[in-house]
Amino acid sequence: MHKFLSCTVQQFTVFEKAAFDFSPGINVLIGANGTGKSHVMKISYSLLKERESRHQENGGTLIFPTPLGVFRVDSPDKLIRFAVSDNSAITIDLSDGVSLKFNIRIPSGSVLEINPDPKDERNAPPIPSSIYLPAQEFLSINKGFISAYTRRELPYDETYYDLALALNALPLREDKIDEEIREAITLLRKIIRDKQDGQKEVLSQQNGEFHFHLPEGDLDVHLVAEGYRKIATLYYLLRNGSLTKESILFWDEPEANLNPELIVKIAEVFFPKEACQ
């Protein structure tokens with residue numbers, strides 16, 4: 001499995017030039033509002049998503065529309081830094097010498113170059129799947145979202161649509177769940193159920209509408225605190241196999257609606273203390 005090593009941006013949105021090196025485990029982007037933290041995650045997610053899909057035109061080069069939906073812009077040139085330049089460049093480096101180079105030029109548009117060409121990588125490790133959790137809690141608006149997004153103008157970027165598709169998958173059979181994932185699922189159940197039985201199902205979906213199953217009874221998703229809805233989103237993505245131990249999880253503003261104690265607990269679910277020492 002390829003590893004996500006770094007992201008370099010030039011003349012992109014708010015950035016003149018910046019480089020981000022990533023390590024295995026948890027990486028945290030910290031900065032004031034408007035400094036581009038979400039932009040780094042979104043462009044990284046976009047490129048990895050496109051590379052994962054391996055949709056190719058003309059070998060390793062293709063016209064690349066994905067960031068337009070993720071950033072909710074109608075033209076690639078709007079991603080160039082404050083219109084002070086006529087080109088922008090983003091490079092993603094993965095392990096095993098794989099790189100993704102995304103260039104925007106005025107007036108020629110945007111091009112993604114993949115090196116090496118995926119057609120020549122038949123025996124290469126796969127690209128890890130990516131999941132993007134937007135800042136706004138999503139479970140409560142999931143019902144009917146996919147249909148509405150494809151037919152109407154909605155004030156949501158493409159990460160919400162991708163998340164809806166991921167949540168739409170049915171839960172895996174118990175015997176198809178990896179042991180490490182099963183342990184994470186149990187821990188998340190205990191967090192949601194306030195340390196009570198971690199073996200009982202805590203969340204179910206029917207026709208796109210989610211329901212919580214808590215010790216005090218069954219509750220509609222809208223009646224549960226937003227922080228627990230976010231935790232339950234992670235839980236369900238693990239439960240249905242959309243989020244695996246090889247996945248890259250981009251979580252925008254995880255501190256929103258989660259108190260510090262819960263944030264620590266969530267971090268320990270995915271990266272136990274003994275694994276971080």
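Two residues are in contact when they have heavy atoms within 4.5 Å of each other. Of the contacts in this protein with a separation of 6 or more, 64% are between residues 24 or more positions apart.

The structure is a predicted model, in which local features need pLDDT of at least 70 and side-chain atom pairs count only at pLDDT 80 or more, while totals for chains, interfaces and linings use all residues. Residues are numbered from 1 along each chain as its sequence is written, and side-chain values use heavy atoms, with hydrogens and water left out. The pLDDT is the predictor's confidence in each residue, from 0 to 100. Its mean over the protein is 84, and 84% of the residues reach 70 or more. Over residues 55-63 it stays under 50; for this stretch the model has 25 contacts beyond four places in sequence.

The protein has eight helices and 11 strands. These are DSSP runs numbered from the N terminus, with helices (H or I) of at least four residues and strands (E) of at least two. Of the 277 residues, 44% are buried. Buried means under 20% relative accessible area, exposed means over 50%, and partly exposed is in between (1.4 Å probe, protein chains only).

Helix α6 covers residues 226-239. From its first C-alpha to its last it reaches 20 Å, close to the 20 Å expected at 1.5 Å a residue; the expected span is 1.5 Å times one less than the number of residues. Because 12 of its 14 residues are buried, α6 is largely enclosed by the rest of the structure. Among the buried ones are K230, I231 and Y235. Just after α6, G241 takes a positive phi of about 85 degrees.

Leaving aside neighbours within four places in sequence, E253 is in contact with A135 and K230. E253 lies in the loop between β11 (248-251) and α7 (260-270), and it counts as partly exposed because its relative accessibility is 40%. E253 and L29 are 224 residues apart in sequence, yet 9.6 Å apart in space, C-alpha to C-alpha.

What makes up the nonpolar surface patch of about 420 Å²? I26, V28, I30 and F271 make it. V28 is in the loop between β2 (15-21) and α1 (37-53), and it counts as exposed because its relative accessibility is 59%.

Conventions: Patches are made of residues with over 30% relative accessible area and no salt bridge: like charges are joined within 9 Å, nonpolar side chains (Val, Leu, Ile, Met, Phe, Trp, Tyr) within 5 Å. Accessible areas come from the Shrake-Rupley method with a 1.4 Å probe; for residues, only the protein chains shown count as cover. A salt bridge is a side-chain nitrogen of Lys or Arg within 4 Å of a carboxyl oxygen of Asp or Glu.
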